[in-house]
Amino acid sequence: MLDFFTIFSKGGLVLWCFQGVRGPAATAPVNALIRSVLLQERGGNNSFTHEALTLKYKLDNQFELVFVVGFQKILTLTYVDKLIDDVHKEFRDKYRNEFQQKGALGLLNGTFDFKDDFMRLLRDAEESSKVRAPTVMKTFEQSQKSQKTVKCMIETRGEKPKEKVKNKKNKGSKKDGTEAVAAPSKASAGDKQLSAAGDKEELTKDEILQKNREEFFRRHMKAGEKSRSPKPDAQKEKGKKPRVWDLGNSNAKVLDYSNSATNGSAEACPVEEFDPDMALGDKNREPGRLYDLEYESDDEAEEEKAVQNPSKPSVKKGGLGGMFGMLKGLVGSKSLTREDMDPVLEKMKDHLIAKNVAAEIAVQLCESVAKKLEGKVMGTFTTVTSTVKQALQEALVQILQPQRRVDVLRDVMDAQRHRRPYVITFCGVNGVGKSTNLAKISFWLIENGFSVLIAACDTFRAGAVEQLRTHTRRLNALHPPESHGGRTMVQLYEKGYGKDAAGIAMEAISYARNQGFDVVLVDTAGRMQDNAPLMTALAKLIAVNAPDLVLFVGEALVGNEAVDQLVKFNKALADHSMAQTPRLIDGIVLTKFDTIDDKVGAAISMTYITSKPIVFVGTGQTYCDLRSLNAKAVVAALMKA
């Protein structure tokens, strides 16, 4: 039973609607479909799930129409696809003249009496699903197994299968005719041996087995003597020598932090004197500003070359060749079909996969572009390739644009007005750079005038607390208390190793509230998405402490793995959460972005699969190497040939 069927224009005007069951109107699920799929360019699948409903839709790009059918997701309705195709064809053919002649006024002033036609199509679709003949199982006589004889299934030791003999015969016939003649003679000899063995056994099975073993060892001993190489005269020196690093320190006491006075307490770390240029990198930057990613596209490079060489004459093709070359591939005011777009979309899909976009996401993106363009009327001087490329670029920019803007500085100031600290939790797999990028974000917050408390909740990895302690010393050296009116801008709260991470985070938040810290950054242990105990501990930490922002730290180096990580992290947080409405990932920190050149597909994969924004982008090793995502720059890098 259908819940509803609605037809509306892409401008938002409802033309006709059918309500199948009594209940709330179809406004909420249709609005969710428009907001989450149509506006976000996620039309790769023709179905969408909203609460207890499954929505299937179809686009008519020629007349800018959308057909949507909704039904309970627990039902299996096999006729829905046929119904939506039939309704689309019937409605378009019935009101084609009205759409073509009146255009937008036809949608506003038109009357669409479609109920009788819809009920007829619905009955036909239901009847067609009922009269489908059930599948009949094959009998044994119809199967391939019944054609086999007992003789062809008998295998004797030392005999080669017949398929291999035939293959060798075919290969021999290409090389030399004599080998082709020898192959059937060997096969006939094998058949004679098989028949002789079947008639009479001269040796017992144990004797045959022993004889074959002796023959096997004899052949391999001869081959081993031929291939055995003489022993080298000079032997390698036994034992290992310690490696001496050029810039290393031979004094091991420098690396011993076991007796540190700050371990297990919330006291500020001692200030360390070091060269600030090494930690900052860019001297001409504006303090506290988060710059956008920059990337030079091919069009900008060509414009710069044209400006640099204005006196260079352009090379023109002569006569008819130039004219036909210009008109080659042009399509004159025609509707795009799937056959026209398939070759271009296949190349686009391979290009996206080569740029590190997950294969599944690349297929869905190309399918979404195909549905968006199918039936659309092209301009006179427009090629299929340029049209598809332009639509794909627009879709990629729309995907990277966040549905909800995450403004950390504004949210921190709002938390200040409520006299509480703003809490950010970092999570992710092992080795992606959580602690390093946490230090970069700390430096950015300090330069904007906010005090930071770092909670060392990675009580599992050896050296995790010492790493944060080093970052704290260096951040305090860059921003000493004397520059902030005697106020320590960053402190480390740690309780050592082997403790409960959720408890340490709770104590750190309470300590920050009492001491007047503005932001609490919670560092968690790296964990694989399949590790159930560690994922349970992370879900507990988030559920107990209710942070304001949960950031997933992911590498820009990964492709298909990015999708698996994010999906399983979100699923684990939902499954192991104790709350009725579980808290999931709010945003993404994309690290190691400077190591990938133009293979920026991980950004597309992560935002497409979660619809979450990329809040920060890590681009280097210094504290200033933190950027905000520029969607157009990423798409320019992605579309570069």
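Predicted model: local features only at pLDDT ≥ 70, side-chain atom pairs only at ≥ 80, totals over all residues.
Residues are numbered from 1 along each chain as its sequence is written, and side-chain values use heavy atoms, with hydrogens and water left out.

**The whole protein**

The protein has 22 helices and 14 strands; these are DSSP runs numbered from the N terminus, with helices being H or I of at least four residues and strands being E of at least two. Of its 641 residues, 39% are buried, where buried means under 20% relative accessible area with a 1.4 Å probe, counting protein chains only. The accessible surface comes to about 38,800 Å², and carbon and sulfur atoms hold 52% of that; the areas come from the Shrake-Rupley method with a 1.4 Å probe. Now for contacts, meaning heavy atoms within 4.5 Å. Among those with a separation of 6 or more, 74% join residues 24 or more positions apart.

**Two helix pairs**

Here are the two pairs, with axes taken as lines fitted to C-alpha atoms over the stretch in contact, and angles running from 0 to 180 degrees between N-to-C directions.

| Pair | Axes | Angle |
|---|---|---|
| α20 (residues 560-576) and α21 (residues 601-610) | within 9 Å | roughly 30° |
| α18 (residues 501-515) and α19 (residues 532-545) | 8 Å apart | about 25° |

The angle between α20 and α21 makes them roughly parallel, a label for angles under 35 degrees. α20 passes α21 in a right-handed crossing, meaning that the near helix is turned clockwise from the far one by less than a right angle. On the α20 side, A562, V563, L566, V567 and N570 make the contact, while α21 brings S605, M606, I609 and T610. By class, that contact has 6 nonpolar, 3 polar and no charged residues. Nonpolar covers Ala, Val, Leu, Ile, Met, Phe, Trp, Tyr, Cys and Pro, charged covers Asp, Glu, Lys and Arg, and the others, Gly among them, are polar.

Then there's α18 and α19, which are roughly parallel to each other, and α18 passes α19 in a right-handed crossing. In this pair, A501, A502, A505, M506 and I509 of α18 meet K540, L541, V544 and N545 of α19. The class count here is 7 nonpolar, 1 polar and 1 charged.

D117 sits in helix α5 (residues 115-130). Its relative accessibility is 16%, so D117 counts as buried. Leaving aside residues up to four places away in sequence, D117 touches E90 and K94.

Definitions and conventions
Buried < 20%, exposed > 50% of the residue type's maximum accessible area, 1.4 Å probe, protein only. Parallel < 35°, antiparallel > 145°, perpendicular 65-115°, else oblique.
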